[in-house]
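Hi there,

Here is the structure I promised to pass on to you. Have a look at it first, and then read my notes below.

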Amino acid sequence: MRPRIAGVLSAGQAAIPRVAVERLACGGGDFDIWHTGPAGLTATRGALGRDDRIAVAADAVLYQHDSLADRLGLPRDVSEPRLILAAYCRWGEDCVDHLEGDFAFAVADRDRAKLFLARDRFGVRPLYYAHGPRGFEFASRAGVLPGNAGADAPLRPPAVAAFLLGRVLDHEGTFREGIRRLPAAHCLTVTREGAVLRKYWQPRVIPLPGRTELPELFLATFRDCVHDRLRQVQRPGALLSGGLDSSSIACVARDRLGDAQQPLPTFSMVFDAPGTCNERPFVDAVTDTGGFASRVLERRDYAPLTDLEAILDEQDGPVLAPNLACMRPLLALARDAGVEVLLNGHGGDEVVSQGYGRLDDLAGSGRWITLWRECAAVADTYGERPWPTLAAISARHSRLDARIAARALRRFADVPPAGEPAHLLSRDCIGTSGIREAVRAAGTIDPAAGEQAQHLATLAAPLQPYAFEVLANAYAAMGIEGRFPFWDRRLVELCLSLPSREKLDRGWSRLILRRAMGGVIPDQVRLRRDKMDFVHLLASGLVRHHHEEIEEMLSDRTAELAGYLDLERARALYARLAADPLHAPGREVQALWRAVAMARWLRRRSRAAAASAPLARSHPMEAAR
């Protein structure tokens with residue numbers, strides 16, 4: 001089980017975390033670092049002859065472990081925390097520039113009277129902090145921060161409103177007042193004078209060889225990323241959805257393991273339900289190539305609110321992951337099979353990029369014939385007309401020919417229908433929560449900037465580390481570790497640097513991955529254009545399994561959620577969904593699911609607060625005062 005970390009920087013006696021911990025003190029009463037969980041493998045103290053003056057607590061896996069150990073003159077079997085400690089002793093706060101992997105760690109440095117926190121480049125490992133009543137507190141989970149800063153902290157209305165909008169609007173804010181997340185690729189230095197937040201990395205554009213070598217370069221880099229995540233793993237497994245990303249990882253991992261061990265365990269879930277894409281043929285196409293021990297969960301539908309109470313506890317609140325209830329039994333299956341590390345294709349779309357920014361590149365350079373060809377091919381993929389796409393692309397650019405094209409195509413442009421807004425927030429909530437200002441501060445991606453700028457903005461969006469926080473909690477709850485080969489600095493920078501034609505050409509999105517995987521994965525998967533759509537399952541499940549709860553929730557004007565939602569509009573939306581769940585728009589389905597999940601959580605918080613309120617005044621003598 002991957003351990004958690006927590007700790008306090010204080011001037012006096014250490015606070016006791018709410019979870020079972022083992023104390024690790026660093027030189028008296030100035031610093032206390034804690035590590036949680038039964039494994040007890042995350043903390044190192046007094047290493048490298050530092051006379052007990054420096055301590056490290058880390059949740060980390062370093063994928064260049066051996067080469068870093070060689071550089072630091074350490075044995076290759078050194079633990080990750082000791083390796084981080086040695087790197088800190090050598091390079092100080094610049095040690096983060098030398099670490100390749102997934103990590104969240106804290107260094108208590110008594111000599112310099114400071115606490116140094118760092119989170120990996122993509123935020124795969126979470127880290128939260130707060131200025132609590134006993135000092136500066138940090139932890140791997142917001143809800144278990146030491147002292148009194150965790151689960152009982154007051155809610156931030158903008159965060160609740162942002163959740164109901166389906167948005168992650170900033171890198172640092174959480175649901176709770178005073179609790180912040182350390183952003184990905186950032187470090188935080190805490191002294192008695194204050195705290196300084198610093199960004200230490202962002203993706204860069206790298207030089208590339210000739211075009212004919214790019215698929216080979218991609219494949220070699222991708223193989224290194226997968227292989228590194230199998231280092232010293234005794235019992236690996238892989239999620240296999242039947243899509244391009246997970247199939248690529250599973251086949252490369254299978255080839256890497258070869259005859260060294262038993263077949264690679266894969267875990268898949270398939271649905272046979274109306275309105276969905278059945279992934280079974282694609283899963284079978286991969287596993288039939290051999291070298292896999294396939295386990296498949298077959299389902300027809302699911303109840304989206306099943307295990308929601310457990311999910312709320314694991315995640316410290318509701319999260320933007322309506323399919324999490326569907327994912328949990330698959331993770332449990334991997335756990336029961338003895339898997340310790342599960343490879344996951346999460347992020348393939350974002351890292352490789354669909355390449356649709358190429359349409360703006362073409363418009364910006366006046367290549368209208370090629371633009372028309374690409375718009376027609378993309379539209380054909382989705383069963384749509386090309387004219388609205390061409391009109392929208394033209395309207396985003398200021399050059400003369402683009403303006404002429406935009407005017408000519410104006411009648412084809414998609415105009416949002418008048419009437420109901422695209423959310424369920426009440427006017428009062430919009431006015432008092434500050435959500436309008438938060439959305440404005442978050443900004444938007446400028447599509448006219450082109451593919452590379454759009455790609456970079458997607459990679460840098462706060463949604464990416466937020467998703468990893470959700471996945472980290474889900475995996476930890478099942479006692480296994482998730483690893484994500486696409487999220488590797490080498491692969492990210494390679495994909496960011498590719499010409500846009502390597503990502504989209506003749507309607508084929510993520511083209512570089514498809515070309516690189518030729519002969520590695522079956523063409524049935526490599527050349528597929530569709531993808532599993534959970535929206536219909538989500539809509540049908542809400543109506544079939546949770547109708548009464550939703551009706552009750554949307555009728556209760558005294559409930560906590562009523563302060564955020566326009567209940568009349570929400571009831572009208574649900575009536576449309578319940579009448580025809582198979583054809584409900586995905587945006588409306590997800591908005592309703594978020595409302596129900598938030599209602600459950602707000603109700604639980606209200607009941608917990610009432611139960612924990614002082615009982616003294618219920619005593620007759622107290623009441624008589």
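This is a predicted model: local features need pLDDT of at least 70, side-chain atom pairs count only at pLDDT 80 or more; totals for chains, interfaces and linings use all residues.

The partner of S6 here is strand S5, and the two run antiparallel, joined by nine bridges. S6 covers residues 101-109, while S5 covers residues 54-62.

Is S5 buried or exposed? Nine of its nine residues are buried, so the strand is largely enclosed by the rest of the structure. A residue counts as buried when its relative accessible area is under 20%. You can check this on both faces of S5: one side has Ile 54, Val 56, Ala 58, Ala 60 and Leu 62, and the other has Ala 55, Ala 57, Asp 59 and Val 61, all of them buried.

Next, the nonpolar core. The largest one has 150 residues, and Phe 105 and Phe 218 are those with the most contacts inside it. Helix H23 (residues 586-612) gives the most to this core, with 11 residues.

Finally, two loop residues to look up. Gln 232 sits in the loop between helix H4 (214-228) and strand S13 (236-239). Its phi is near 55°, a positive value in a residue other than glycine. Gln 232 counts as exposed because its relative accessibility is 59%, and the cut-off for exposed is over 50%. Arg 506 also has a positive phi, about 55°, although it is not a glycine. You will find Arg 506 in the loop between strand S18 (504-505) and strand S19 (508-509).

Enjoy exploring!

Best wishes

Technical notes: Residues are numbered from 1 along each chain as its sequence is written. Side-chain values use heavy atoms; hydrogens and water are left out. Helices (H or I, at least four residues) and strands (E, at least two) are DSSP runs, numbered from the N terminus. Buried means under 20% relative accessible area, exposed over 50%, partly exposed in between (1.4 Å probe, protein chains only). Two strands pair if DSSP finds at least two bridges between them. A nonpolar core is a set of buried Ala, Val, Leu, Ile, Met, Phe, Trp, Tyr and Cys residues joined through side-chain atoms within 4.5 Å.
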